[in-house]
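Please open the structure in your viewer and keep the selection panel at hand.

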Amino acid sequence: MAPRLPLRQQDDSLRAPDLAETTPQYKKAELIMVSRATQIKERALLLLFFLCAIVAVLGVVLIFAFVAVKAVPLFKEIGFLNFIAGTKWSVAKEQFGVVPFIVGSVVVTVGALAIGAPLAILTALFLSEVAGPKARAVIRPAVELLAGIPSVVYGFFGVTVVAPIISRVFGGAGFGPLTAWIVLSIMIVPTIAMLSEDALDSIPMGIREASFAMGATPWQTIYKVVLPAAKIGIIDAAILGMGRAIGETMAVLMIVGNAPQMFAGLTKPISTLTSQIVLGMGYSSGAFRTALFGMAALLFLISMALVLIVRLLSHTDREA
Amino acid sequence: MREYFAEDRERLKELGPKAMDKAARTEAQQGRRFRERLANNAALGVLWVAAGITVAALVLIILYVLINGAPSISPKFIFTWPHGVTAQGGIWPTIISTVYVTGLAMLIATPVAVLAAVYLAEYARQGRIVTIIRFAADSLASVPSIVMGLFGLAFFVEAMHLKMSMLAAALSLALLMLPIIMRATEEAIRAVPRYIRWGSYGLGATKWQTVSKVVMPWAMPRIITGLVLAMGRAIGETAVVFYTMGMAINLPLTPLDSGRSMAVHLYMLAVDGINMPAAYGTALMLMIVILGLNSLAHFIQRRYRKVR
């Protein structure tokens, strides 16, 4: 299954250019030869398609608007600084500082990325540069399947397999950042691997051949020629993998321990932005609910920012 | 390293002093060559290991769920209702709820997403609007599922008064699937060779005739592949349906009924930990459906690749 393959900006060069685009004097000629009814029909269809395309924009705007509107009372009820810089979270005492959850999200994401990204990039290099047709026929579907497994199943696997092992080795209940790292790193492998492989495949064969012709070994070619050429694409892939890790909800919720406290050790339970929202939402009201929507708005902004970074990177890459 | 070339040197000795001289000069080079080859083999070995770990993780998860879940699966497990606090019995209503909500979401998302992709691939001229639409689609694809769930709760469930229902969940899921289907369709349309379009235009077809009768049929296998994959994602989605469809065990009839999906059921069972056999069984059912859909997508893709 496609992970949320957040998608690299597409090149328009593949689209068949219209006569009207290539030759100015034909701008209107496209529809001159057909009847008026057909002209109207064609225009109406164009409008319909356009409206459908706008739905995506509308969706994003609505999501942000509705989440943000529910979060706005936060400024009055909690105070923005108390919210974003507060280190205490206690529903009973009406303290809603989200710093512990931001730290939790960062710890979980960075760790998962540190394990998952190298694994994914090496897998992508293997698929694109080393594997023969047979190995590729096995490994690529495996990576795609890994992307298709629902996050709740990953969480289930974490609860029943990884957590007991961690508990036996390190003591404690087994729920905490370390467990989350192991499970999340597997979860982000397909996202990063598939996107990195796209980036590697788009490197022209010619520069590899040139490298081999100079007497370089396959690894020298990969390390000194292919990797630098695909650098931006791979960084993009890692950023999008990071987005997936930050936004991951169910698996993290099930294995991270969900204690609203500051990060204190790899096996001590913590909580992340996503898991805390799910935990609290069921019975929340008033300022509590506002705080949860504030956290959702924060998550939304983070994921938008990551997409924006990727777009800007790809853009500079194309211009360079 | 010297031993490595011992044989060659022996042979050179027989050839005479001149050849010996030459060999001495290149020995440093040969040593370097050897180191390079060593580094190369080591690095490629690491790549093999990385790919192996990835595959091993997949096999481990699938085998684990399969071995533990297989004993629970039976016709009774699939076709009966859960009962009691420990959810003994089957998962029938959760299967129906999942199928219901996924089908409804597909009905909503598919036309919009496919037509939007047609616009982006065939009609739109590159410009600010297209950039905005693409950025929106990318953002939509990366919205964390819990944010989508809260949005569904705030917008469809509360603001539009749909209550916790199949319809509210389907609308939220449709928003989630929209960018996936859009991307797959756009790529499929862009992969259609130009000369086919030109042939159609050359016969006097209008743009819509060309798109609907020539381009779309050609792109159809890849579009269907995208649809199947998006469906798999919707079936496995938990956080979104949790907040828009609820967790009441219910057999939905109208789109305004609530229900509990298989993914939510698995979550509840796994967290409560009171009925692990049912949890393993549900996980296995979920995996079978998703792996089945993935295989279907592969099958479609391979079958049509052969034809062309």
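Select Gly158(A) to begin: this residue is buried, with a relative accessible area of 0%. The word buried means under 20% relative accessible area, while exposed means over 50% and partly exposed lies in between (1.4 Å probe, protein chains only). This is a predicted model, in which local features need pLDDT of at least 70 and side-chain atom pairs count only at pLDDT 80 or more, whereas totals for chains, interfaces and linings use all residues. Residues are numbered from 1 along each chain as its sequence is written, chains are lettered from A and ligands numbered from 1 in the order in which they are written, and side-chain values use heavy atoms, with hydrogens and water left out.

Gly158(A) is placed in helix α7 (residues 151-170) of chain A. Helices (H or I, at least four residues) and strands (E, at least two) are DSSP runs, numbered from the N terminus. Now display the surroundings of Gly158(A). Not counting residues up to four places away in sequence, Gly158(A) touches Ala163(A), Pro164(A), Thr179(A), Val183(A) and Ile255(A); contact here means heavy atoms within 4.5 Å. For a distance exercise, pick the C-alpha atoms of Gly158(A) and Gln261(A): they are separated by 21 Å, and the two residues are 103 residues apart along the chain.

Next, select Ser185(A), which belongs to helix α8 (residues 177-201) of chain A. Ser185(A) counts as buried, at 6% relative accessibility. With residues up to four places away in sequence not counted, Ser185(A) touches Ala112(A), Ile115(A), Gly116(A) and Ala180(A).

Then show the whole of chain A. Chain A has 14 helices and two strands, and 54% of its 320 residues count as buried. Consider the contacts in chain A between residues at least 6 apart in sequence: 69% of them join residues at least 24 apart.

**The salt bridges**

Glu129(A) lies in helix α5 (residues 99-130) of chain A and Arg208(A) in helix α9 (residues 205-213) of chain A, so the pair ties together parts that are 79 residues apart in sequence. Glu129(A) counts as partly exposed, at 22% relative accessibility, whereas Arg208(A) is buried, with a relative accessible area of 5%.

Move to chain B and select Arg134(B) with Glu186(B). These residues form a salt bridge with the closest N and O atoms 2.8 Å apart. Because Arg134(B) lies in helix α5 (residues 128-142) of chain B and Glu186(B) in helix α7 (residues 166-190) of chain B, the pair ties together parts that are 52 residues apart in sequence. Both Arg134(B) and Glu186(B) are buried.

**Between the chains**

Display both chains together. Here, 91 residues of chain A are in contact with 97 residues of chain B. The area buried between chain A and chain B is about 8,700 Å², of which carbon and sulfur atoms give 75%; buried area is the accessible area (1.4 Å probe) that two parts lose on being put together, summed over both.

Across this interface the rule finds three salt bridges. Select Arg289(A) and Glu158(B), which form a salt bridge with the closest N and O atoms 2.8 Å apart. This pair crosses between chains, from helix α14 (residues 286-319) of chain A to helix α6 (residues 145-159) of chain B. Arg289(A) is buried, with a relative accessible area of 19%, and Glu158(B) counts as partly exposed at 29% relative accessibility.

**The nonpolar core**

For the last stop, select Met182(B). Leaving aside neighbours within four places in sequence, Met182(B) is in contact with Ala56(A), Ala113(B), Ala116(B), Ala117(B), Leu120(B), Ile133(B) and Ala137(B). Met182(B) is among the residues with the most contacts inside the largest nonpolar core, which has 196 residues. A nonpolar core is a set of buried Ala, Val, Leu, Ile, Met, Phe, Trp, Tyr and Cys residues joined through side-chain atoms within 4.5 Å.

Definitions and conventions: A salt bridge is a side-chain nitrogen of Lys or Arg within 4 Å of a carboxyl oxygen of Asp or Glu.
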